[in-house]
Amino acid sequence: MPAADDARWLAAAAALAERARPLSRPNPGVGAIIVKDGKVAGRGWTQPGGRPHAEAIALDTAGDAARGATLYVTLEPCAHRSERGPACADLVAAAGVAQVVIGMADPDARTAGIGAARLADSGVAVRCADLPAADLGLAGHECATVLGRPHVTLKLAMSLDGCIAAASGESKWITGDIARAHVHRERARADAILVGGGTLRTDYPALDVRLPGLETRAPERWVLTRQAAPEGWQALPSPQAIGGMEGVRFLFVEGGAGAAAAFLQHDLVDRLLLYRAPILIGGGRTGVGDIGLASLADAHGRWRREDIRPLGPDTLEIYTRTR
């Protein structure tokens, strides 16, 4: 575990990184804070399109105050030079920063360990907290780099008895206004949003973001189908094809028991958002179809609850896949 001060400042840097998501795609959204004598001297986050990087912004705002200071950054400073800008490890070393505390090492082979080593060779003290990527907003970067696919969140809004709609198909609305606003917040954090073909044909959902100030953050719209997608949509032929979703680091799977089952069956769900309304439907349409489990024992030990919170009359449970 990182020291208390390290943990506090890295959490603050991670909060800044949220401002970059998803606008920094396909680059990871990184947050950086420069601290001197217990006070913030500079801060930054990855800018839209991926440049400038968080460290460059923080150094620019700190100016001369960066000399002798501590840089807290969620991801290891990059070591590779680009036509779009210099390597952050070089910028940090040249600025005279005394020490750098890194949230996690970069799994990208162009930087992995090299950025930290370059800083150390320049006389900068380097510590890595080795925090989970999800705590730093970097789960999408880790999945894309290590697994070659986006990080997948599956959203399910259901009744207490596991229904996502009445037997007639009526589903507006299972949950209340506050829970639906939270869903829109999650949409705004995603690069792409996906529904099943049946959901598209039945509901033709807008999948937009209807939160004040975030209306422009609507993600790309995808549909799980082997047929041609309608205008304004893109087709994904199978869950296994998500590695081909160019530039997508965070995928939000939102609609349809069939789509949910397909992603679960292929073990491609990393995070589960379960919104429960305090209602019983009885005989309604279930939220998830057959996911191919051979026995009940296979269902255990796969999910870890990370959070549970009330959203007005509804309840949100957040689970992560244990791997």
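**Salt bridges and an annotated site**

Mentor: Let's begin with Arg110 and Asp108, whose side chains form a salt bridge at 2.7 Å from N to O. Keep in mind that this is a predicted model.

Trainee: Is Asp108 buried or exposed?
Mentor: Asp108 counts as buried, because its relative accessibility is 15% and the cut-off for buried is under 20%.

Trainee: How many salt bridges does the structure hold?
Mentor: There are 23 salt bridges. One of them pairs Arg118 with Asp90, with their closest N and O atoms 3.3 Å apart. That pair links distant parts of the chain, as Arg118 sits in helix α4 and Asp90 in helix α3, 28 residues apart.

Trainee: What does Arg187 form a salt bridge with?
Mentor: Its partner is Glu254, and the closest N and O atoms are 2.6 Å apart. Arg187 belongs to helix α6 and Glu254 to strand β11, so the pair ties together parts that are 67 residues apart in sequence. Arg187 is buried at 7% relative accessibility, and Glu254 is buried at 12%.

Trainee: Which residues are linked in a network of salt bridges?
Mentor: That network links Arg149, Asp267, Asp270, Arg302, Arg321 and Arg323.

Trainee: New topic! Which residue does UniProt list for "active site"?
Mentor: The UniProt record, an unreviewed entry, lists Glu55.

Trainee: Where does Glu55 lie, and what does it touch?
Mentor: Glu55 lies in helix α2, which covers residues 54–62. Glu55 is buried, at 4% relative accessibility. Leaving aside residues up to four places away in sequence, its contacts include Ala32, Leu71, Cys78 and Cys88.

Terms used
Residues are numbered from 1 along each chain as its sequence is written. This is a predicted model: local features need pLDDT of at least 70, side-chain atom pairs count only at pLDDT 80 or more; totals for chains, interfaces and linings use all residues. Side-chain values use heavy atoms; hydrogens and water are left out. UniProt positions are given in the numbering used here, feature names are shortened, and annotations may be inferred rather than shown by experiment. Helices (H or I, at least four residues) and strands (E, at least two) are DSSP runs, numbered from the N terminus. Buried means under 20% relative accessible area, exposed over 50%, partly exposed in between (1.4 Å probe, protein chains only). Contact means heavy atoms within 4.5 Å. A salt bridge is a side-chain nitrogen of Lys or Arg within 4 Å of a carboxyl oxygen of Asp or Glu.
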